[in-house]
Amino acid sequence: MTPRDLPTFIVIGAMKAGTTSLYHYLRNHEQIFMPKIKELDFFAEGGNWSRGMDWYRQQFHGAGDAVARGEASTLYTKYPQYDGVPERIAAALPDVRLVYLVRDPIVRMRSHYEHRVALGAETAPPEIALLENPIYLAYSQYAMQLERYAAHFPREQLLVVTSEGLRHDRAVTVREVYEFLGVDPSLSPPALETEFYKTSQRRSYPPIVWSARRFLKRHVPQAKRAKEVVDSMLERRAASSGAGSAASGTASADTVITPELRARLAELLRDDVARLRPYMSPGFDGWGIG
């Protein structure tokens, strides 16, 4: 069994699919403990792997008698940029349950592109960037990412849910996650009514805010309090605004995905979406791709 000072579950992504919202819906359940730092990025080289297991255990001090303990890090499904993650998790936490939140892969790519543009990391137009920079496609190849975990974990330890479900049928989707984690699904926290970190809000922050946030995250726990202050400011703004999408971070109208570009991306994604189907519920529509 997993030791009491280590997580029983991990939300492994995907990026721009609503992991921040899911983190809050889980963290606010009275039987679940999650650190104040959302993305520990422990099992990724280039993240916090070099800090060692003692550091990782420290992040779960204070869990007390929580039925479930977990973290959420989107770096864990950013292969091939971050390699070896499933192997490290399996070696340290063989019984851990894994939750993968996925989103229409083309919409996710669009949101990812807009995020990078807002940070100043992307200058190419979408019809060039989305086809030539491999990270956009790789992070949307959900089956490819999952198959790497399936090589190390039994199927019953993997749960895949969609951000569309989290947005449009939130209570049912979150209840499914609660049941998977072994906590009382009837204890729905008030936070379930809150929409967190919408794309429209993220885009309104200057790049220096996000740069500072990433810097602070890489210096946990030394800068933990400063990082918490930044996150608290962002969370308060998210909770007070009524614009945007709760779970999926609906992309703005600024970036146009032409029918021609959509068709090319769909063709690149079709086989992966088909391979994803065995992990999904019978009613999964494949986002019209495969």
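These notebook entries record what I looked up in a predicted model.

**Conventions.** I number residues from 1 along each chain as its sequence is written. In this predicted model, local features need pLDDT of at least 70, side-chain atom pairs count only at pLDDT 80 or more, and totals for chains, interfaces and linings use all residues, while side-chain values use heavy atoms, with hydrogens and water left out.

**Entry 1: strand E4.** I looked up strand E4, residues 97–102; helices (H or I, at least four residues) and strands (E, at least two) are DSSP runs numbered from the N terminus. Five of its six residues are buried, so E4 is largely enclosed by the rest of the structure. I take buried as under 20% relative accessible area, exposed as over 50%, and partly exposed as in between (1.4 Å probe, protein chains only).

I then checked the pairing of E4, where two strands pair if DSSP finds at least two bridges between them. Strand E1 (residues 9–11) pairs with E4 in the parallel sense over three bridges, and Phe9 stands opposite Arg97 of E4. Strand E5 (residues 158–162) also runs parallel to E4, joined by five bridges; Leu159 in E5 is the bridge partner of Val99.

**Entry 2: Arg69.** I located Arg69 in strand E3, residues 68–72. Arg69 counts as buried because its relative accessibility is 2%. Its C-alpha atom is 5.7 Å from that of Ile32, 37 residues apart along the chain.

**Entry 3: aromatic pairs.** I counted rings of Phe, Tyr and Trp (its six-membered ring) as paired if their centres lie within 6.5 Å, with planes under 30 degrees apart stacked, over 60 edge-to-face and the rest tilted. The count comes to 13 aromatic pairs. Phe43 and Trp49 have ring centres 6.0 Å apart and planes at 35°, so this pair is tilted. Phe43 is buried at 0% relative accessibility, whereas Trp49 is partly exposed at 31%.

Tyr113 and Tyr136 form a tilted pair, 6.3 Å centre to centre with 55° between the planes. Tyr113 lies in helix H4 (residues 105–119) and Tyr136 in helix H6 (residues 134–140), so the pair ties together parts 23 residues apart in sequence. Tyr113 is buried at 7% relative accessible area, and Tyr136 is buried at 0% relative accessibility.

I also noted a cluster linked by ring pairs: Phe42, Phe43, Trp49, Trp55, Tyr56, Phe60 and Tyr76.

**Entry 4: charges over rings.** I required NZ of Lys or CZ of Arg within 6 Å of the ring centre and within 35 degrees of the ring normal. The charged end of Arg88 sits over the ring of Trp49, 5.5 Å from its centre. The charged end of Arg97 sits over the ring of Phe180, 4.7 Å from its centre.
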